Amino acid sequence: MPRPRVNGLRTLELGLPGPFRKRLTDLVVHGHKRATAGLLAEYDVDREEVERVGERLVLVGNDGESLALVEVTRVDVVPFGQVSWEFADAEDEGFADVDDWRASHRWFWERHTVGPVREHTGDPNWSLTSETDVVCVWFRVVHGFETLAIHAGQEPDPTTGAVVPPIYATSTYAQDGIGGLRAGYEYSRTANPTRTALEECLAALEGGSRGLAFASGMAAEDTLLRTVLSPGDHVVIPDDAYGGTYRLVGNVGERWGMSWTPAHVSDPESVRSALRPETKVVWVETPTNPLLGVADIATLAGLAHDAGALLVVDNTFATPYLQQPLSLGADVVVHSTTKYCGGHSDVVGGALVVSDTGLGDELAYHQNAIGAVAGPFDAWLVLRGLRTLGVRMDRHCDNAERVVALLQAHRRVTEVFYPGLHGHRGHEVAAKQMRRFGGMVSFRVDGGEAAAVEVCNRARLFTLGESLGGVESLIEHPGRMTHASAAGSPLEVPADLVRLSVGIESVDDLLSDLGQALSG
Ligand SMILES: Cc1ncc(COP(=O)(O)O)c(C=O)c1O
C-alpha cells in the first residue's frame, strides 16, 4: 500500500506516541543532539517503498502531522540480524551495543508493527526473524539557511540554558578518572566547545559533513595543503588568486617540493592545459579579486576529478549564502571568515568545510597536529557573525546593485565589473551557481591612475582601507594597495581601477558619497 503523501512528497513516519516518539522528535526535529541529522530504521514492508538517496520526504508523526522536511543521505537494506553498530550507534539513543539495539527494536516492532505487517502481507504467520530485511534510512533535516545559521551547532547550553554558546575560555578539561572525558573534551587545541559550535554551523551552512575553524584564512589554507599534498605534487592555482594564497603556494610551498601552474580559472581550457599527472589540487576562487571573474565550479570539479585531483573552492567572496560549492562537486571549501562570515571587521579567522568524512578526519588530525586553531573568543565572534549572514548578504547585494547602477550611468566611469551585469563575461555561470551576485564591485575611472587615486581619497563614508566583507563600506586602489605586489607581473591590475566593498549602510548615503567622490 503506497504510503500517504504530503505536498506530493512521500512521508516517513517518525514513530508512535510516547517517550520513544518524543526522543526521536527531540533528536531529529528539535536538534536535541544534532541540528541537522537523524536516522530511522523501519521494516521493508514493500520494496517499492524503500527510500532513495537524495529523495526529500516529509517526516510525519503517527497522527499524520508534518514535522519536518528531510533529505535521505544513505539507505542500507540489511537483515535484522546484521544491522551494523555504525547505524545502531548513530541512532544516538544510548544503546550499549548492537544486541541492545536489536532487543529494543524487536520489543518495539513486535508490539507495534508485526500486526500491521501481517495485515499488509496477508500472511497471518509473518514474524520478525534475523533474516527480516530492515531499511536503515539516514537523513538530514532540511532547514532554511537562516534557520541553520541561527541554530546549527548552537543548542542552549545544557548547564544553564544560555541560548548563546558560551565562550569556553579554558585550555584543559577535568577527567572523571584517567580517560574519562566529559563530552569528549580533553585539550583545547584538539577541541573546544565554542569552536565546535562554529565548526558545526559552518558545516551545516556549506552543506558539508565536517567544518574546521582556524586562526586565519591562511592558517586554514596551510593546513589543507599540508594535509593533501606531499613533496613532488602539483597544484593549479588561479592566475588572479588572492596574493596570500599565491605567496603560500609559490614562495612557501615551493621550498617543500610543491610545484604549481597558474591558470585562468574562468576558462576551463586554461585549467585543463595546466593539469599534470602529478596534479593533486585545482584551486579556485570565484568570484575573483579584484576583477570579479567567475569560474564554473561544476565543470572544474569534473576536470579535476578526471585528473585525480581535488577541487578546492575559496568561497570567501560569495559565502555559503550565495554559493554552495560542495553541492556543485567541489571537495573542499575554504574561507577567510575574517570577511563576510565574521562580517564586522573585528576578527581574523579561517575555515575548511568538506563532504567526505575520511578527508574530514584527516584534516582534523592535521588541524590538531599543526595547531593553528581558532581561539574560543574568535570562534564566538565568527559564530555571532554567521547568525546574520543571510540578512547581511541580501543587504550587501541590494546596495551593490544600486551602486552598480550609479556607476554605469556616470560619465567618469569607463567600465564596471560586477557578476550581476548581463554584459559581464561570467554572468551566465554566476547566474547558474550563485543565488545573487555579492557586495564586491570594481570600476575603472576616466583619467587613469591619478583619477582613480583621487576618487579613493575623496570618499568619506566609504573608508579607504584594505580587506572586505564588513558591514561598513570600504574603497581601495588595488594597483597601489592590495595588488601592489603584482606590479610588472601578468597579474598586474589596471592602474585606473577602484575596488569597493559595498557595506550595509543606508544606500542613499553611499550613493551620494560616491557621487561626490567622482565629481572632482
Ligand atoms: C579570497 C581570500 N582568501 C583567503 C584570504 C586569507 O585570509 P586571512 O586574511 O583571514 O588569513 C583572503 C584575505 O584577504 C582572501 O581575500
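**Entry 1: the model**

I noted before starting that the model is predicted.

**Entry 2: the ligand and its shell**

I looked up which residues surround the ligand. I found S216, G217, M218, E221, Y242, D314, T316, S336, T338, K339 and G349. I then sorted this shell by class and recorded 2 nonpolar, 6 polar and 3 charged residues.

**Entry 3: polar atoms at the ligand**

A polar backbone atom of M218 is 2.9 Å from an oxygen atom of the ligand. In the side chain of D314, an N or O atom lies 2.6 Å from a nitrogen atom of the ligand. In the side chain of S336, an N or O atom lies 2.8 Å from an oxygen atom of the ligand. I next looked up how much of the ligand surface is covered. The ligand taken alone exposes 390 Å², and the protein buries 89% of that.

**Entry 4: helix α7 against helix α12**

Helix α7 covers residues 217-228 and helix α12 covers residues 357-370. Their axes are 9 Å apart, at an angle of about 120 degrees. I recorded the crossing of α7 and α12 as right-handed. On the α7 side, the contact uses T223, L224, R226, T227 and V228. On the α12 side, these meet L359, E362, L363, H366, Q367 and I370. I counted this contact by class as 5 nonpolar, 4 polar and 2 charged residues.

**Entry 5: helix α6 against helix α13**

I then examined a second pair, helix α6 (residues 193-206) and helix α13 (residues 376-387). Their axes come within 8 Å and cross at roughly 35 degrees. Is this crossing of α6 and α13 left-handed or right-handed? I recorded it as left-handed. From α6, the contact takes T194, R195, A197, L198, C201, L202 and L205. From α13, I listed P376, A379, W380, V382, L383 and L386. By class, the contact of α6 with α13 has 11 nonpolar residues, 1 polar residue and 1 charged residue.

**Entry 6: the loop between β10 and α10**

I finally looked at backbone geometry in one loop. P287 is placed in the loop between β10 (279-285) and α10 (297-306). The peptide bond that joins T286 and P287 is cis, and I noted an omega of about -5 degrees. P290 lies in the loop between β10 and α10. I found a cis peptide bond from N289 to P290, with omega near 0 degrees. L292 also has its place in the loop between β10 and α10. I recorded a positive phi of about 60 degrees for L292, although L292 is not a glycine.

Technical notes. Residues are numbered from 1 along each chain as its sequence is written. This is a predicted model: local features need pLDDT of at least 70, side-chain atom pairs count only at pLDDT 80 or more; totals for chains, interfaces and linings use all residues. Side-chain values use heavy atoms; hydrogens and water are left out. Axes are lines fitted to C-alpha atoms, for helices over the stretch in contact, and angles run from 0 to 180 degrees between N-to-C directions. Helices (H or I, at least four residues) and strands (E, at least two) are DSSP runs, numbered from the N terminus. A crossing is left-handed if the near helix is turned anticlockwise from the far one by less than a right angle, and right-handed if clockwise. Contact means heavy atoms within 4.5 Å. Ala, Val, Leu, Ile, Met, Phe, Trp, Tyr, Cys and Pro count as nonpolar, Asp, Glu, Lys and Arg as charged, and the others, Gly among them, as polar. A residue is near a molecule or strand if one of its heavy atoms lies within 4 Å of it. A polar contact is a pair of N or O atoms within 3.5 Å; within protein, one must be able to donate a hydrogen and the other to accept it, and residues adjacent in sequence count only if both atoms are side-chain atoms. Accessible areas come from the Shrake-Rupley method with a 1.4 Å probe; for residues, only the protein chains shown count as cover.
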